[in-house]
Amino acid sequence: MYQFILPVHNFVRWFFLAAALYAIYRAFKGKTSGTPYSKDDKTAATLLLASAHSQLLLGLILWFYSPTVQLALANVGLAMKDKASRLILLEHPLLMIIAVAIIQIGKIKVKKAYADSDKHQRSLVYYGIGLILVLSRIPWSSTPLFRF
Ligand code: HEM
């Protein structure tokens, strides 16, 4: 299970990052040029949500199977003093869950907005904050960019 899910979680990260950048780019372009909120904007947001929720599910499964997490759980006090262990045990999962929640709330706020310019504005803010949180807590230095 772990050997299968880890590479998938690793790879879907790129899909998430591409979808987030695309949705943010469309929101920025829509806001600055005053274009209507189109079907393509909606599709961009749907792709972002799909990748975010996939990562959430894969990550939750990983958390229970990961040897790194199990080792950290065996001595939580010690793990919290170690930067790398603390990241995998607590910071990465927590911040990612918050980021996905913000992106999800953003999608709902966008749907509720009446004016197209507000839809673009809300997409920009919520998806932007979500992306920044994700980027800040990906274990960049301790894990490979691809895992096949
Ligand atoms: C958009 C959301 C997320 C992104 C982009 C993301 C990205 C990543 C990446 C790139 C890795 C390194 C994978 C590797 O070592 O090859 C990783 C590891 C991990 N992620 Fe996530 N993740 C996300 C959400 C989550 C969530 C919500 C959880 C748990 C609730 C989680 C739990 C883990 C765990 C436990 C590991 C370490 C596995 C190990 O090394 O044994 N992730 N994540």
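Around the ligand sit 26 residues, and Asn-10, Gly-59, Ser-66, Met-96 and Thr-143 come nearest. Here, a residue is near a molecule if its C-beta atom, placed from the backbone, lies within 6 Å of it. This is a predicted model, where local features need pLDDT of at least 70, side-chain atom pairs count only at pLDDT 80 or more, and totals for chains, interfaces and linings use all residues. Residues are numbered from 1 along each chain as its sequence is written.

Helices H1 (2-33), H2 (39-65), H3 (67-74) and H5 (83-112) each give at least two residues to the shell, with the largest share, 7 residues, coming from H2. Helices are DSSP runs (H or I, at least four residues), numbered from the N terminus.

Now for H1 and H2: their axes come within 8 Å and cross at roughly 155°. That makes H1 roughly antiparallel to H2 (angles over 145 degrees). Axes are lines fitted to C-alpha atoms over the stretch in contact, with angles from 0 to 180 degrees between N-to-C directions.

Here is the make-up by class:

Over in H5 you'll find Ile-102. Ile-102 counts as buried because it has 21 C-beta neighbours inside 10 Å, and the cut-off is 20 or more. Ile-129 is 27 residues away from Ile-102 in sequence, yet their C-alpha atoms are 7.6 Å apart.

How values were computed: Angles under 35 degrees count as roughly parallel, over 145 as roughly antiparallel, 65 to 115 as roughly perpendicular and the rest as oblique. A residue is buried if 20 or more other C-beta atoms lie within 10 Å of its own, exposed if 12 or fewer, and partly exposed in between; C-beta atoms are placed from the backbone.
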